[in-house]
Amino acid sequence: MSAPSQKTLDAFIACVGVKNVLTSSDDLTHYTDENRDLYKGKTPLVLKPGSTEEVSAIVKLAVETKTALVPQGGHTGHAAGGMPDESGNQIVVSMERMNRIRHIDIEGNFLIVDAGVILETIRNLADENDRLFPLSLGSQGSCQIGGNISTNAGGTAVLSYGNTREFVLGLEVVLPNGEIWNGLRSLKKDNTGYDLKNLFVGAEGTLGIITGCVIKLFPKPRGKATAFVGLNSPEHALKLLTLASRIAGNMLTTFELMPALAINCTLKHIADTRAPLADEHKWSVLAEISSIRSEEDAASTMQEILENALEDGVCEDATLAQSVDQQKALWRIREMMPIAQRQEGVSIRHDISVPINLMPEFLDRANAIIDAELPDSRRYTFGHMGDGNIHYNLMQPVGSDTDAFLAHRGEMNDLIHALVVEMGGSISAEHGIGRMKRELLAKTKDPVELKLMKSLKATLDPNNIMNPGKVI
Ligand SMILES: Cc1cc2nc3c(=O)[nH]c(=O)nc-3n(C[C@H](O)[C@H](O)[C@H](O)COP(=O)(O)OP(=O)(O)OC[C@H]3O[C@@H](n4cnc5c(N)ncnc54)[C@H](O)[C@@H]3O)c2cc1C
């Protein structure tokens, strides 16, 4: 696509009003650069529409002038999906002004909001109304619900509540021809043909711009029990997960696996953290039980799990938080792990999933591959074991040359992703495809599935104006 003319840019500015447009390069950097500085994009304009009608006017103009649009939420995504490319021809549509709470229905347990509402605002609103919105991510203070839906975000409560897809009852979307699809239904049951809303969940802005949504609320837990468990191996972690699921069922809301390396780095680099257990263990698990009945119910359920685990030799040691402050302290270690990782140097990352029962085998086989190919790399392997999702990260050896280490990225990615595909897993468990994994998707996705995805994209967006260059 060629550079939009000044006349075209002026017409885009008129869609939202000049005060809702950014043009100066200083203002634009926040919107154009990948949030971890992996890529630097360019745009002539950031448009900030304030209503669905304004979004529709922008898209209609984009079709008319063959201009590419990049929908953007909080810009916290990890796949470079919400940034423009380097051409300087793509216009960013930031949803930050679309931040209205449209309706809250406490009896019906749902909320209707604009797509630009910040996730934390939704969580707080649910809480104030004695409800829970379970989606919880490290970026919740700045990511938007529209971005969460577009990436089908995961987070720390997937085990019990599912991914974002499970929370979406209805959507309002501006389609790539500018038409507004009002699918803001709050129905639990609607068996009237194709489930169109699910096309847009996880589409990373390639099929339309989400402007509003109906999301589910859940009963607020009355009690939580949070434990930090030391154990010897991922096999033992799997046994603990099986035991905890048998005793707690859906009450088990968190099951995060962490190696000693990640815990030690976090204790070293992050203020106000301290080792939860007296001795170091090869692996640890952060587990949480939520009860909609009471604190006692949560605590006694967790106690039963830990007693059984210690008795059966599944775990080596465990501590159960005795206060909300102690719970927060245990969570802080897990939540700060990615930040501590960056303090130690660069990493070759993999956000993968495999069937949960195969996680120990995956880790053994992946480690054997890396032992042979890049033996000095440090395995900073942590994540949502309860969802079969691990961040299999290889950290550079202490004092090593950064560029020389990163030169292995392509080769290591190929080896680990080949193993993931062989084991029936996914090369992107929760961070999506965006621009970063587009080629990888083409290499690893089933050809029939990929063809179907491309034909859906061509049907909905024949002019390829909606976030081109992302996903496929
Ligand atoms: C500290 C930290 C922790 C994180 N933890 C997790 C985690 O545990 N689990 C997880 O899944 N992710 C996690 N993420 C990644 C990220 O926060 C999520 O993917 C989040 O859902 C992105 O929301 P956003 O509003 O920032 O979207 P953006 O980054 O702005 O956009 C993401 C994609 O969605 C599209 N998009 C955004 N808004 C719209 C819209 N209204 N309509 C159509 N398309 C749109 C964009 O074009 C882009 O392709 C984390 C990020 C950080 C920084």
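Predicted model: local features only at pLDDT ≥ 70, side-chain atom pairs only at ≥ 80, totals over all residues.

Q: What is the phi of Asn467?
A: Asn467 is placed in the segment after α17, and with a relative accessibility of 1% it counts as buried. Its phi is positive although the residue is not a glycine, with a value near 50°.

Q: What relative accessible area does Pro462 have?
A: Pro462 also belongs to the segment after α17 (447–460), and its C-alpha atom is separated by 58 Å from that of Asp317, which is 145 residues away along the chain. Pro462 is classed as exposed, since its relative accessible area is 63%.

Q: Which residue caps the N-terminal end of α17?
A: Helix α17 has 14 residues and reaches 20 Å between its first and last C-alpha, close to the 20 Å expected at 1.5 Å a residue; the expected span is 1.5 Å times one less than the number of residues. At its N-terminal end, a side-chain oxygen lies 3.1 Å from the backbone nitrogen of Val448, and the residue that supplies this oxygen is Asp446.

Q: Which backbone nitrogen does the side chain of Asp114 reach?
A: Asp114 is found in strand β6 (residues 110–114), and it is buried, with a relative accessible area of 1%. A polar contact is a pair of N or O atoms within 3.5 Å; within protein, one must be able to donate a hydrogen and the other to accept it, and residues adjacent in sequence count only if both atoms are side-chain atoms. At 3.4 Å, the side chain of Asp114 reaches the backbone nitrogen of Asn99.

Q: With which side chain does Asp195 make a polar contact?
A: Asp195 lies in the loop between β9 (180–183) and α7 (197–200), and at 42% relative accessibility it counts as partly exposed. Its side chain makes a polar contact, at 2.8 Å, with the side chain of Asn198.

Q: What arc do the buried residues of α11 cover around the axis?
A: The buried residues of α11 are Gln327, Leu330, Trp331, Ile333 and Arg334. The face turned away from that buried side carries the exposed residues Asp325 and Lys328.

Q: Within what arc do the buried residues of α13 fall?
A: Helix α13 (residues 359–373) has 15 residues, and Met359, Pro360, Phe362, Leu363, Ala366 and Ile370 are buried in it. Seen down the axis, these buried residues line one face of the helix, because they fall within an arc of 155°.

Q: How much of the accessible area of the ligand does the protein cover?
A: A backbone N or O atom of His75 lies 2.8 Å from a ligand oxygen, a polar side-chain atom of Asn148 lies 2.9 Å from an oxygen of the ligand, and a polar backbone atom of Ile210 is 2.9 Å from a ligand nitrogen. Accessible areas come from the Shrake-Rupley method with a 1.4 Å probe; for residues, only the protein chains shown count as cover. Of the 980 Å² that the ligand has on its own, the protein covers 90%.

Q: Which element supplies the largest share of the shell around the ligand?
A: β3 (69–72), α5 (145–151) and β10 (209–216) each supply at least two residues of the shell. The largest share, 5 residues, comes from α5.

Methods
Residues numbered from 1 in each chain as written. Heavy atoms only, no water. Helix = DSSP H or I, 4+ residues; strand = E, 2+ residues; numbered from the N terminus. Buried < 20%, exposed > 50% of the residue type's maximum accessible area, 1.4 Å probe, protein only. Arc of directions from axis to C-beta.
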